[in-house]
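Let's walk through this model together, starting at a metal site and moving on to the sheet and its core. Have the viewer open as you read.

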Amino acid sequence: MVAEGGGRPGYWLHLEASADATLADLDSFLRDIWLECCGHLSLFNIGGQTYTQTSDAPDFMWAGEFDDESMDVELRKVLGPGIKFSHEYDFGTTTYLTLKVVSEREGDVKGKSVRLLAQNNPPLIKCRSCGNRATYVCGQCIYSSDTAWVCDACAPDHECGEDMLLPVVNSPRVGMCGYTG
Ligand SMILES: [Zn+2]
Ligand SMILES: [Zn+2]
Ligand SMILES: [Zn+2]
């Protein structure tokens, strides 16, 4: 499988998953490597059908639509070569991912049911003040200001204050909510 940041295709993962793994396994893999900040809800959309977590938590019902299906379904039942699908993490400050099944093979998958084959190198993002490599991004003005990306030296001068700065990490969720990698 290939996973890409929606609107941020410079962030990508090549994955291999067992057909016996579930969408919930894939969801937790994506959270671990790219997404998890504060336990937000997430979903997959495969051919117009949405799949969400099942949970006994009393406040769960507000999130799911009645026609959602459970992520506790094996990949073999919902995916196959050529199928494109999407993932959303956090229904407020949403990170969108696009995924595609490239091919399938027969063989044993050792260890984890989803594993990483390859990943993009961290893209070079420049400090908007001095042009050096940016190490922080402002979670407050990332959407509105071109000056949100700063380096160590320029960070103390950022207009929103240093408390708003998040580390620049190799993920399509960089700078969103409280994501620190
Ligand atoms: Zn969060
Ligand atoms: Zn700088
Ligand atoms: Zn700012």
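What spacing do the donors of the zinc ion (ligand 3) follow along the chain? They follow C-x2-C-x16-H-x1-C, where donors are N, O and S atoms within 2.8 Å of the metal (3.2 Å for Na, K and Ca), and water is not among the atoms, so sites may look incomplete. Helices (H or I, at least four residues) and strands (E, at least two) are DSSP runs, numbered from the N terminus.

A word on the ground rules: this is a predicted model, in which local features need pLDDT of at least 70 and side-chain atom pairs count only at pLDDT 80 or more, while totals for chains, interfaces and linings use all residues. Residues are numbered from 1 along each chain as its sequence is written, chains are lettered from A and ligands numbered from 1 in the order in which they are written, and side-chain values use heavy atoms, with hydrogens and water left out.

Back at the zinc ion (ligand 3), the coordinating atoms are Cys138 (SG), Cys141 (SG), His158 (NE2) and Cys160 (SG), at 2.0 to 2.3 Å. Their angles of 103 to 119° make the arrangement tetrahedral (for four donors, all angles between 85 and 135 degrees). Cys141 counts as buried because its relative accessibility is 5%, and His158 is buried too, at 7%; buried means under 20% relative accessible area, exposed over 50%, partly exposed in between (1.4 Å probe, protein chains only).

Now turn to the open sheet, whose eight strands have the order E5-E4-E3-E6-E7-E1-E2-E8, with mixed pairing; two strands pair if DSSP finds at least two bridges between them. Strand E5 (69–70) and strand E8 (114–119) stand at the edges with a single partner strand each, so one side of each lacks a neighbour in the sheet. Strands E1 (residues 2–5) and E7 (residues 95–100) run antiparallel, joined by four bridges, and Val2 stands opposite Lys100 in E7.

Finally, the largest nonpolar core has 44 residues, and Leu23 and Phe85 have the most contacts inside it. Such a core is a set of buried Ala, Val, Leu, Ile, Met, Phe, Trp, Tyr and Cys residues joined through side-chain atoms within 4.5 Å. H1 gives the most to this core, with six residues.

How values were computed: Tetrahedral: all angles 85-135°; square planar, octahedral: opposite > 155°, others 65-115°.
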